[in-house]
Amino acid sequence: MPTDPATVPSTDAVLRWPVEPAQGGWYTRAEREAVRAVLAESDDWHVGWKPAGYVGAFEDAFAGFTGSRFAVAFNSGGTALEMLLHYLQLDPGDEVISCAVNFVGPLIAIIGQGGKPILAEPEPDTLNLDPTDVERVISRRTRAILVTHWNGAVADIRPFLDLADRHPNPVHGAPLIIVDAARACGGRTPTGARVGAEGWATMFSFESKKLMTTFGQGGMVTTDDQALAEQLRWLRTYGGTEHWGTNQMMTKAQAAVGLVQLARLDEMNDARIARAHQRTRGLADTHELTMPPVIDDRRHLYYRHNLLVPEAWAGEGRDELMNTLAAEYGLGSIINDRPPYLFHRLIRAHTAGQRCPRAEQLTARLLCPCLHPRMSVAEEDEITDAVRGATAQIARTRSTS
Ligand SMILES: *Cc1c(COP(=O)(O)O)cnc(C)c1O
């Protein structure tokens with residue numbers, strides 16, 4: 001299998017700005033003190049590392065923050081997603097629709113729980129799942145629609161709820177709306193609600209690159225469905241006395257630090273949004289590049305700042321731009337994300353015969369240069385200059401060759 005050219009270059013060693021910046025590195029005194037307190041108290045063997053109190057407090061705070069009835073913490077976003085799909089008890093042939101431009105995780109979870117992933121196209125501007133194309137692929141076998149708030153642009157959930165109502169499964173009723181908000185923690189939806197309050201259930205990740213992090217791993221599900229919340233609690237602790245389950249608990253230290261990160265989330269997201277808007281303004285006169293949409297009120301968190309090169313540069317020209325940025329400016333960039341069926345063998349096998357040409361065309365033009373909320377205004381100016389300079393170079397070489 002060819003190696004995946006999703007990141008350029010494959011090593012960060014020569015780069016001033018890494019390909020994939022981690023959010024960790026922005027812990028304050030408050031996080032450090034929370035960890036110190038947990039460490040000190042857990043030294044007492046009467047207390048130890050039992051997570052219950054801390055995890056419960058983090059869950060309550062998270063449910064309150066998102067405006068959902070329940071929040072259930074997990075050791076990762078991936079396991080949280082897997083357990084959400086486990087709850088559906090998918091039969092062979094049951095279908096779950098998701099976007100062709102996606103992280104591998106959602107598709108792996110559908111396959112892992114015995115479902116058939118059905119791919120639909122992204123919208124051209126946000127690259128979020130396109131409801132119109134979901135209408136094309138929805139069927140009597142559809143059990144769920146898995147909507148990823150891709151790269152921080154918050155999708156409108158309402159069209160999917162409407163579609164589900166109009167296409168009930170003959171046995172199970174309206175397909176359920178599962179939201180992957182790994183990249184949109186703290187965002188607001190078009191109705192003004194917090195991400196996590198809409199749809200049947202929403203998954204969050206606190207992995208090291210995400211918008212907030214619990215020591216580099218962690219996840220959460222929010223839902224208003226009490227039966228789901230109860231079942232998820234069994235699933236993460238060996239099934240109670242009745243069910244199947246395994247151990248997917250978040251630790252006490254992760255929950256303690258999560259409480260602090262949650263309180264700081266809006267501040268961290270606002271810093272990221274400010275840098276993203278600065279970049280969009282700075283590149284406004286670079287006509288070759290299409291900017292990500294500017295959507296205010298925390299409706300776009302810019303987990304990545306997506307740039308699209310002209311159609312004529314798709315593939316090769318985009319790769320040249322990424323290589324030039326890395327080699328001559330020390331700026332790393334990533335293609336987040338190519339359609340997973342193009343490079344992931346298992347996903348390709350389970351989506352055989354499905355192609356999403358719009359997804360392939362758009363991601364052949366896509367690059368996401370490094371963006372981090374801790375970048376200074378001056379540093380962001382340097383990055384904007386680098387992107388402008390490298391784009392002009394590519395434009396020159398392509399017009400003369
Ligand atoms: C990170 C991520 C996940 C998985 O979360 P983990 O906590 O890393 O398992 C799922 N979906 C998307 C879109 C992600 O970015």
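Student: Which residues are linked with R194 in a network of salt bridges?

Tutor: R194 is linked with D266, D270 and R298. A salt bridge here is a side-chain nitrogen of Lys or Arg within 4 Å of a carboxyl oxygen of Asp or Glu. Please note that this is a predicted model, in which local features need pLDDT of at least 70 and side-chain atom pairs count only at pLDDT 80 or more, while totals for chains, interfaces and linings use all residues. Residues are numbered from 1 along each chain as its sequence is written, and side-chain values use heavy atoms, with hydrogens and water left out.

Student: How many salt bridges does the structure hold?

Tutor: The structure holds 24 salt bridges. One of them joins the side chains of E382 and R16, at 2.8 Å from N to O. E382 belongs to helix α12 (residues 377-400) and R16 to the loop between β1 (7-8) and α1, so the pair ties together parts that are 366 residues apart in sequence. Helices (H or I, at least four residues) and strands (E, at least two) are DSSP runs, numbered from the N terminus.

Student: Is R16 buried or exposed?

Tutor: R16 counts as exposed because its relative accessibility is 53%, whereas E382 is partly exposed at 35%. Buried means under 20% relative accessible area, exposed means over 50%, and partly exposed lies in between (1.4 Å probe, protein chains only).

Student: Which residue forms a salt bridge with R398?

Tutor: E320 does, and the closest N and O atoms are 3.6 Å apart. This pair also links distant parts of the chain, with E320 in helix α9 (residues 316-329) and R398 in helix α12, 78 residues apart. E320 is partly exposed, with a relative accessible area of 27%, and R398 counts as partly exposed at 27%.

Student: What about D156, which residue does its side chain meet?

Tutor: The side chain of D156 meets that of R158 in a salt bridge of 2.9 Å, N to O. D156 is partly exposed at 26%, and R158 is partly exposed at 43%.

Student: New topic: which residues form the positive surface patch?

Tutor: The patch is formed by R29, R32, R36 and R374. Patches are made of residues with over 30% relative accessible area and no salt bridge; like charges are joined within 9 Å, and nonpolar side chains (Val, Leu, Ile, Met, Phe, Trp, Tyr) within 5 Å. R29 lies in helix α1 (residues 29-42) and counts as exposed at 61% relative accessibility.

Student: What reaches the backbone nitrogen of R374?

Tutor: The side chain of H372 does, at 3.0 Å. H372 sits in the loop between β11 (366-369) and α12, and it is buried, with a relative accessible area of 11%.

Student: Which residues does the cis peptide bond with omega of about -5 degrees join?

Tutor: That bond joins N336 and D337. D337 is found in the loop between β10 (333-334) and α10 (345-350). Most residues other than glycine have a negative phi, and most peptide bonds are trans.

Student: So where is N151, with its positive phi, in the chain?

Tutor: N151, whose phi is near 55 degrees, is in the loop between β5 (142-148) and α6 (158-166). At 0% relative accessibility, N151 counts as buried. D297 also is not a glycine and has a positive phi, of about 60 degrees. D297 is in the loop between α8 (252-282) and β9 (307-308), and it counts as exposed at 63%.

Conventions:
Areas by Shrake-Rupley, 256 points an atom, 1.4 Å probe, with all protein chains shown as cover. Lys, Arg positive; Asp, Glu negative; His and termini not counted. Charge placed at Lys NZ, Arg CZ, Asp CG, Glu CD. Polar contact = N/O pair within 3.5 Å; in protein donor to acceptor, adjacent residues only side chain to side chain.
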